[in-house]
Structures are given as C-alpha cells and as structure tokens.
Amino acid sequence: MKSQIIGIGSCVPDKVVTNADMEQWMDTSDEWIQSRSGIKERHWVSEGESASDLAESASRKAIEMAGIQAEEIDLVIVGTITSDYFFPGISAQLQDKLGLGTVGAFDIKAACSAFIYALSIGDQFIRAGTAETVLVVGAEVQSTALNISDEGRDTAVLFGDGAGAAVLKASKGERGILSTHLHCQGKHLKLLWCEEPGSNHHPRMTEDLLKEARHYPMMNGREVFKNAVTRFPEVIQEAMDANQLSIDDVALIIPHQANLRISQAVAKRMGVSMDKVYSNIHKYGNTTAASIPIALCEALEEGEFSEGDTLIFAAFGAGFTWASAAVKW
Ligand code: ACO
C-alpha cells in the first residue's frame, strides 16, 4: 500500500511586500536582500486574515483537484509554527472550517521541515491501514512575528506568509510516496528559535520579556547556512539511496525555499544544475512549512514535471530539523 498525492493546492495573501517597502521600514536595500537571499517580494496577511484562512483556501483547492468530497478525509495534519492561537492547534480550526465532523486533527511544529514530517506521518497512517484519505497542510503567518525594524532586519526581510495542501489517498499502484526520512539535532535549537511566550515563565509574557524582544525569532544566519548546505545534500542522497536512484532518475528536487544561496550551494555540492532544483523564493520569501507545497503547485502549473516523474522534497529548518521525501508523481 502506498499514499498517492491526488490533489494539491496553495494560497498566499493578496498583499505584496516588496524590498522597496522594506527599505522604508529599516536600514536595508533591495541589493542586499536579493544578493543574500534571492528574495524580491513576499506576501503578507492583512489585518483580519489568518493562517487558518490560508490553510482553508489551499485545502479546498487540493480537495477540488483530488476530485473527492471533503467528508472522505479521515485525518488532518497541519505543519505550522504560527497557529492562530497559542492553543489549540490550527488543525482544529481547519477541521471545523472544512466541516469535517469529528475526524482526527493535529499540528506538527517542526518548522521548515514540518510539511515533510506531516507527509511522512500521513503516509504511515495510510500504510498501516488506519486511514485512507489524509489532508496534509503547511500553513504560516510569519509576518506578524517579525521585528520590522533595524534590530530585526536579518530575519524580517526573509519571511513570507502562505499555505499549501496535499490530499493523500491509499493506492496499490506505482505512483505515490516512495520513502520519507526525518532528522533532528536539538542541540542546535537556539541557533534558530523564538523563545517566548514559553511555558517556563509565569506569566508567560511580561513587559520585561517584550522589552528584551524575546518574542521575536532569532537566527544565527551563518550557522543556519553552514548546517543547511550539509544537511540538504545528505538527506536528498538518503532518499536516492533508499530507492536505488541516481540523480539522473530524479526529475526535480523541490527544496524548502529557505534562501536562494542555500539552494545554489546545495546544487553545487550535489553537482546538479539549478534547472533540477526548483526555486520560487523571489516571489514569496521563506514561508516555512508552506514553502514546499506552494513550490510543488507552481512547478506542476509550469509543467516542470509530469505523471511518472520522480520528485524529491527536502527541507532544513529550526530544531534543527531536516527531512526528505521521494515521490513518484
Ligand atoms: N539589510 C542590510 N544589512 C543587513 C541586513 C539587512 N536586511 N541583515 C543583516 N545585515 C548586516 C548585518 O548587520 C551585518 O552587518 P555588520 O557587518 O555591520 O555587522 C552584515 O549585514 C552581515 O552581512 P554578511 O557579511 O553578508 O553576513 P553573512 O555572510 O553572515 O550573511 C546571511 C548573512 C545572509 C543571513 C547569511 O548568513 C545567510 O544567508 N544565512 C542563511 C539564513 C537563512 O536564509 N535563513 C532562512 C531561514 S531558516 C530556514 O529556512 C532554514
């Protein structure tokens, strides 16, 4: 038994924030942002728009492409670190918005690797025969978490909002998820993290914590870069080895859209051309758990792959976590 991806969908907010907008708000430049990250613009939510709204829209498109009734879904898994509420998870909201009655729903907080983590869990449920149709989503609203000032410029320019979804269906055919590999190295967690509001304070948020800016994401960019350019190739190779594939058997690598320079370094280390490594970060920035399903939707629309092609999804992010999935489309 395999899990076949029978429908995908994505959604980004209408509001476009350009690098020129960033120049108005902090000491940065279009040249610095593009040369360090490849990003030209990103989409950010407007007041009243939330991650669960984006997740709902992406999910409805995926369900439509799958040609199923929403009621056929028997499990919902959402990858996000930016749920609308501190608790419960966004999956409960999405399950309700889609009218899914009482089916199970839970969140996965594995940051940029969360879509692959969620895909892997959905795949295990299907292989075990516990579920037949699983909705897997990556959804993020990073913009409301950013420090939009000179102090936060190293992270604020990188992130965007969006959501992507996939419907997995049990299938006995050739097509589907071939393998998934998940990794984490928690000893590095403070190199890319957001400390507050955490449960280790009472109360969880105070004036002092706000003044110390401990509610904003913090990143050691150099360490993230160094680890990412090692872990991406490793986990892509792991996917190929598990399926006895060479790079020539792979039609397209769809990496988490962390940073164009990271993707270029990964391509170089693996000896593959950037034609084989999908990139759309220039339009969306880094949308964390949403970036792979958004890229998958665009690559399909652009005719970058077709039925029977082998794809590899790969991610690296906070935790540090990293992961890959090999998929026969
Ligand atoms: N605009 C202008 N200058 C900036 C900005 C900005 N937005 N942000 C930081 N700088 C400044 C710094 O203050 C520093 O100035 P200083 O030298 O006066 O102290 C200078 O730029 C550092 O520039 P570089 O020498 O280019 O630094 P570095 O080579 O370390 O590059 C960068 C920094 C781009 C963050 C790099 O480390 C990187 O690409 N890291 C990867 C991080 C990343 O992409 N994370 C994605 C999110 S995590 C994920 O998805 C896995």
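**View 1. Surroundings of Phe 313 in the predicted model.** Contact here means heavy atoms within 4.5 Å. Leaving aside residues up to four places away in sequence, Phe 313 touches Ile 5, Ile 116, Leu 119, Ile 254, Ile 292, Leu 296, Ala 323, Ser 324, Ala 325 and Val 327. This is a predicted model, in which local features need pLDDT of at least 70, side-chain atom pairs count only at pLDDT 80 or more, and totals for chains, interfaces and linings use all residues. Residues are numbered from 1 along each chain as its sequence is written, and side-chain values use heavy atoms, with hydrogens and water left out.

**View 2. The nonpolar cores.** A nonpolar core is a set of buried Ala, Val, Leu, Ile, Met, Phe, Trp, Tyr and Cys residues joined through side-chain atoms within 4.5 Å; buried means under 20% relative accessible area, exposed over 50%, partly exposed in between (1.4 Å probe, protein chains only). In the largest core, of 36 residues, Ile 5, Leu 119, Ile 254 and Phe 313 have the most contacts inside it. Helix H5 (residues 114-127) gives the most to this core, seven residues. Helices (H or I, at least four residues) and strands (E, at least two) are DSSP runs, numbered from the N terminus. At least three residues of this core come from each of domain 1 (2-173) and domain 2 (178-328), with bounds from an automatic or database domain assignment. A second, separate core has 27 residues, including Leu 192, Ala 239, Val 250 and Ala 265.

**View 3. A four-stranded sheet.** The sheet is open, with strand order E8-E13-E12-E11 and mixed pairing. Two strands pair if DSSP finds at least two bridges between them. Strand E8 (176-184) and strand E11 (252-255) are the edges, each pairing on one side only. On average, neighbouring strands are turned by 15 degrees against each other, direction ignored. Strands E12 (residues 310-317) and E13 (residues 321-328) run antiparallel and are joined by eight bridges. Ala 315 stands opposite Ala 323 in E13.

**View 4. Helices on the sheet.** Helix H8 (residues 221-242) lies across E8, E11, E12 and E13, at about 150 degrees to E12. Helix H11 (residues 291-301) touches E11 and E12, and its direction makes about 145 degrees with that of E11. Axes are lines fitted to C-alpha atoms, for helices over the stretch in contact, and angles run from 0 to 180 degrees between N-to-C directions.

**View 5. Cys 112 and Cys 184.** The whole structure has zero disulfides (pairs of cysteine sulfur atoms within 2.5 Å). The closest cysteine sulfur to that of Cys 112 is in Cys 184, 13 Å away, too far for a bond. Cys 112 counts as buried, at 8% relative accessibility.
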